[in-house]
Amino acid sequence: MTNPPPSLATPYRTHTCGALRASDAGSPARLAGWVHRRRDHGQLIFIDLRDRHGLTQVVIDATDAPEAHEIASRARSEFVLTVAGEVVRRLPGTENPRLPTGEIELRASDVTILNEAKTPPFYINDPDAPIDETLRLRYRYLDIRREAMQQRLLLRSRLVQAIREVHHASGFVEVETPNLIKSTPEGARDFIVPSRLQPGAVYALPQSPQQLKQLLMVAGVDRYFQIARCFRDEDLRGDRQPEFTQLDLEMSFVDEATVMDFVERMAIEVSRAVVPERPILATLFPRFTFAEAMERFGSDKPDLRFGMELVDLAPELAGTDGAAASGFRVFDEVLAAGGRVKAISVPGLGAAPRSRIDELTETAKRFGAKGLAHLSVEAEGAVKGPIVKFLGDDLAERLVARAEANPGDLVLIVADTADVTNDVLGRLRAELGTRLALADPNVLAYGWVHRFPMYQWDTENGRWDATHNPFSGVVPEDEALLTTTSGDPAAPAPGDPAGRARAMQYDIVLNGWELGGGSVRIWRRDLLERSFALQGYSLERMRSMFGAILDAFEYGAPPHGGIALGIDRWAALLTNQATIREVMAFPKTQSGSDPMLEAPSEPDPGQYAELGLRFVGIPGKPPAAPDG
RNA sequence: GGACCCGUGGUGUAGCGGCCCAACAUGCCAGCCUGUCACGCUGGAGAUCGCCGGUUCGAAUCCGGUCGGGUCCGCCA
């Protein structure tokens with residue numbers, strides 16, 4: 001696995017700009033690279049020559065090499081040079097300890113300008129300079145010249161390499177699947193590619209190779225993986241691009257634990273290979289059921305690097321007869337209606353001013369809460385807050401104790417339905433975790449969330465909708481729940497037992513991001529048909545959408561399951577970047593355009609004609625003026 | 001589809017009703033300089049303040065629209 005470093009010598013260079021050391025002193029060398037910085041002292045010129053491997057100081061002395069000096073005086077930032085000369089130790093006292101090559105310099109005898117360069121539109125040689133992102137994207141080839149981008153792309157390359165190595169070593173076969181496939185009206189919106197050979201028909205770009213990898217299981221490939229490009233035509237976010245890369249894998253003859261155990265080991269090996277300096281919080285990834293994750297963290301992708309878990313206050317609020325009698329009407333009414341009263345204890349905010357609490361209340365309302373109650377624990381331990389006068393000192397203190405708040409903490413309380421309470425507190429927890437820097441940025445906290453509900457009720461269409469992938473299998477003990485109250489799977493209704501069925505679905509989370517998700521699939525045809533019926537699909541509709549896979553399942557489908565991990569997200573997390581754009585060579589803007597290529601663009605009229613297409617405008621919008 | 005934020009010399013920012021045909025830093029150009037490494041010194045060029053319209057005696061500054069970018073909600077594995 002560890003090969004000797006390859007020789008990067010070419011006719012233009014004997015070494016890279018990061019290679020020369022004191023031990024090379026006295027040897028001739030030739031370097032090629034870009035002018036990082038030029039320091040012109042008249043008869044003596046220093047040029048820092050840069051390539052992706054490093055920086056070497058070149059000295060051009062007019063008395064040694066008048067021709068080279070004349071050429072060097074014409075060189076400017078980002079000119080491409082090749083320089084020959086002798087490697088010499090720097091004069092005592094002029095070494096630069098900040099450079100790996102800082103003990104030596106190249107005393108130039110020959111300087112050749114291979115190419116001139118316009119003044120760059122932003123600083124390539126200053127790692128800290130903030131640059132407008134659109135400008136970076138327009139000149140991405142210059143942006144990638146910058147050291148920070150080089151390092152991120154390098155890390156991504158090592159990430160993919162490590163993934164391949166672990167999978168090959170574990171008996172996986174890398175198979176490529178097509179990018180021109182069939183559209184399925186499920187999940188995200190498809191990107192559509194019109195067919196020229198079959199006018200009027202379209203291909204879709206894959207949202208993921210989901211069906212194809214399951215077909216590979218039927219084909220007996222046994223263990224498949226792919227670094228797959230996926231496409232989804234949905235609105236963009238910092239962690240979502242219209243095209244992105246997944247580690248897609250599928251395994252045969254497995255149960256949930258087989259897949260999770262493999263992925264866990266793989267993730268650890270890959271992390272250690274790529275970022276050995278970053279500690280992994282728990283090498284046995286904690287596993288939470290969906291219900292538990294929502295209960296404790298209010299999120300299905302909890303950041304496990306810090307605590308601040310959600311605490312149920314109901315036991316303290318109940319009166320002696322069991323009925324809620326806290327004295328604070330909001331709490332009592334919510335509990336009487338079957339809702340929840342829960343809290344998080346925020347460290348260090350006990351002395352927060354009113355304005356800060358108002359701001360948190362606004363945030364909570366933005367997240368869907370009707371309000372946000374709070375109890376401040378003062379440094380001496382006294383509990384204060386506007387609701388204390390309703391609760392009484394004793395109950396207020398018991399609530400604070402239950403929330404495990406310490407002196408100086410702030411207890412934030414939400415009372416609402418279970419879903420709203422968990423969601424709002426979960427979002428507050430995530431936001432405060434970031435803002436208060438509760439999470440160690442160096443730590444990698446992997447974890448699992450599994451046993452998601454199979455379906456959620458789709459009020460609009462009156463059917464059960466697969467929470468994740470429509471092929472996700474049901475937890476064995478819940479198999480009997482895959483039915484309706486009426487007994488007819490084709491007549492679904494809210495309240496059906498199916499609503500309680502849990503899927504063999506697992507998400508892997510890392511530092512508060514959903515890194516990936518997968519499931520053990522339904523591989524038995526009878527269960528698949530029942531599941532699809534609950535989702536409101538007729539047999540004919542199923543055939544037209546999933547014909548190939550349904551057919552294939554009649555020819556001996558093995559039990560199988562798999563997962564897909566977002567490579568872009570993984571790379572962003574491993575480099576602590578806030579967006580995946582920072583780990584993609586050529587990402588798109590939020591409106592899906594590429595400022596460098598100026599894509600998308602209007603097609604040539606001939607291209608439309610060839611496909612039998614004509615642009616007739618966007619429904620509901622007036623046609624664009626002809627002159628633009 | 002919606003909410004919010006941003007748009008000023010090449011770049012990053014300041015200016016937020018008259019003192020601004022716009023300031024600072026850096027970059028760029030020219031000259032000088034043999035030990036610098038964010039080299040230094042001297043001089044110079046460079047912006048109709050994203051665009052359109054309005055308010056006003058007067059707009060970079062206020063208002064409306066529009067375009068571009070970003071964050072978030074919806075959407076999305």
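Author: The questions and answers below concern this predicted model.

Reader: Which strands form the closed barrel, and in what order do they run?

Author: The barrel is closed and has 5 strands, with mixed pairing. Neighbouring strands of this sheet are turned by 55° against each other on average, direction ignored. The order of the strands is β1-β2-β3-β5-β4.

Reader: What is the bridge partner of Leu 31 in β4?

Author: Strand β4 comprises residues 80-89 and pairs with β1 in the antiparallel sense, over 7 bridges. Strand β1 covers 28-40. In β4, the partner of Leu 31 is Val 83.

Reader: At what angle does helix α1 run to β5?

Author: Helix α1 consists of residues 66-74 and lies across β1, β2, β3 and β5. Strand β5 spans 104-115, and the angle of α1 to this strand is about 65°.

Reader: How many charged residues does the contact of α4 with α16 have?

Author: From α4, the residues Leu 155, Arg 156, Leu 159 and Val 160 meet Ile 567, Trp 570, Ala 571 and Leu 574 of α16. By class, the contact of α4 with α16 has 7 nonpolar residues and no polar ones, and the number of charged residues is 1.

Reader: What is the handedness of the crossing in which α4 passes α6?

Author: Helix α6 (residues 256-274) packs with α4 at an angle of about 140°, their axes lying 9 Å apart. This makes α4 oblique to α6. The crossing of α4 past α6 is right-handed.

Reader: How many nonpolar residues are in the contact of α4 with α6?

Author: The α4 side includes Leu 155, Leu 159 and Val 166, and the residues met in α6 include Met 266, Val 270 and Val 274. The contact of α4 with α6 holds no polar residues and 2 charged ones, while the nonpolar residues number 9.

Reader: Which residues are the closest to RNA strand B?

Author: The elements β1, β2 (44-51), β3 (54-61) and α2 (133-138) each supply at least two residues of the surface near RNA strand B. That surface divides into 12 nonpolar, 23 polar and 14 charged residues. In total 49 residues surround RNA strand B, and the closest are Gly 42, Asp 132, Gly 187, His 468 and Gln 590.

Terms used
Residues numbered from 1 in each chain as written. Chains lettered and ligands numbered in written order. Predicted model: local features only at pLDDT ≥ 70, side-chain atom pairs only at ≥ 80, totals over all residues. Contact = placed C-beta atoms within 7 Å. Helix = DSSP H or I, 4+ residues; strand = E, 2+ residues; numbered from the N terminus. Nonpolar A, V, L, I, M, F, W, Y, C, P; charged D, E, K, R; others polar. Near = placed C-beta within 6 Å. Pairing = 2+ DSSP bridges. Axes fitted to C-alpha atoms, helices over the stretch in contact; angles between N-to-C directions. Parallel < 35°, antiparallel > 145°, perpendicular 65-115°, else oblique. Left-handed = near helix turned anticlockwise from the far one by under 90°.
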